[in-house]
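Welcome to my notebook. I opened a new structure today and jotted down what I looked up, entry by entry.

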Amino acid sequence: MKTTPLLLFIPLLMTSGALAASSRMVKHEDGSRSYFEKTGDGKGMKKTTYNIRNVLVSVTLYKRGPFGELRSCLIFDGQKNELFFVRYGYDGNANLREEQMFDSRTKELVRRFLYLSLIHI
């Protein structure tokens with residue numbers, strides 16, 4: 001799914017009723033849109049995606065580590081059924097090295113990405 005380069009920044013109300021410190025909406029080329037909100041404690045982020053008919057498609061809850069790095073996320077479908085758990089791995093220099101996605105129901109690894117750094121010669 002491609003996104004347009006224009007990001008619209010809009011204030012959003014969090015589910016807790018507190019105004020998000022920073023939020024944004026990304027409109028995708030297919031007409032769907034995703035809303036990104038920081039959690040009140042600043043250690044997480046919520047992404048909510050709707051299709052062109054304004055139907056909830058997915059919700060993703062991200063958790064960040066002490067230095068702001070992504071540590072894990074939970075992915076839910078439009079009915080808020082948990083589908084996947086994702087965890088991120090970093091090297092000693094805080095570079096993202098691995099992303100593992102597990103099926104939340106079976107706990108099986110369903111996808112794994114390894115991030116390799118560029119070698120300068």
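**Entry 1**

I started with strands β3 (residues 44-50) and β4 (residues 56-64), which run antiparallel and are joined by seven bridges. Strands here are DSSP runs of E with at least two residues, helices are runs of H or I with at least four residues, and both are numbered from the N terminus. Two strands count as paired if DSSP finds at least two bridges between them. I picked out M45 and found that its bridge partner in β4 is Y62. The hairpin of β3 and β4 has five residues between the strands.

**Entry 2: how I am reading the model**

This is a predicted model, so I note its limits: local features need pLDDT of at least 70, side-chain atom pairs count only at pLDDT 80 or more, and totals for chains, interfaces and linings use all residues. Residues are numbered from 1 along each chain as its sequence is written, and side-chain values use heavy atoms, leaving out hydrogens and water.

**Entry 3: the next hairpin**

I moved on to β4 and strand β5 (residues 70-77), which pair in the antiparallel sense over seven bridges. T60 has I75 as its bridge partner in β5. Five residues lie between β4 and β5 in this hairpin, and G68 in the turn has a positive phi of about 90 degrees.

**Entry 4: two residues with positive phi**

I kept a general point in mind: most residues other than glycine have a negative phi. N54 is not a glycine, yet has a positive phi of about 65 degrees. I found N54 in the loop between β3 and β4. N54 is partly exposed, with a relative accessible area of 48%; buried means under 20% relative accessible area, exposed over 50% and partly exposed in between, with a 1.4 Å probe and protein chains only.

K80 is a residue other than glycine too, and its phi is positive, near 65 degrees. K80 sits in the loop between β5 and β6. At 58% relative accessibility, K80 counts as exposed.

**Entry 5: what does K43 touch?**

I looked up K43 in the loop between β2 (33-38) and β3. K43 counts as exposed, at 54% relative accessibility. Not counting residues up to four places away in sequence, K43 touches Y62, K63 and R64; a contact means heavy atoms within 4.5 Å.

**Entry 6: rings and a charge**

How many aromatic pairs did I count? The count comes to three. The rings of F113 and Y115 have their centres 6.5 Å apart and their planes at 45 degrees, so this pair is tilted. The rule takes rings of Phe, Tyr and Trp (its six-membered ring) with centres within 6.5 Å, and calls planes under 30 degrees apart stacked, over 60 edge-to-face and the rest tilted. F113 is partly exposed, with a relative accessible area of 36%, and Y115 is partly exposed at 31%.

I also found the charged end of R24 over the ring of F36, 4.8 Å from its centre. A charge sits over a ring if NZ of Lys or CZ of Arg is within 6 Å of the ring centre and within 35 degrees of the ring normal.

**Entry 7: past the end of β8**

S117 lies in the segment after β8 (109-114). At 47% relative accessibility, S117 counts as partly exposed. S117 and N95 are 22 residues apart in sequence, with 8.6 Å from C-alpha to C-alpha.

**Entry 8: the whole protein**

I stepped back and listed zero helices and eight strands. Of the 121 residues, 33% count as buried. The protein exposes about 8700 Å², and carbon and sulfur atoms supply 57% of it; these areas come from the Shrake-Rupley method with a 1.4 Å probe. Among contacts with a separation of 6 or more, residues 24 or more positions apart account for 9%.

**Entry 9: confidence**

I ended with pLDDT, the predictor's confidence in each residue, from 0 to 100. The protein averages 83, and 79% of the residues score at least 70. Over residues 1-20 the pLDDT is below 50, and this stretch has 39 contacts in the model beyond near neighbours in sequence. Where pLDDT is low, the predicted coordinates should not be read in detail.
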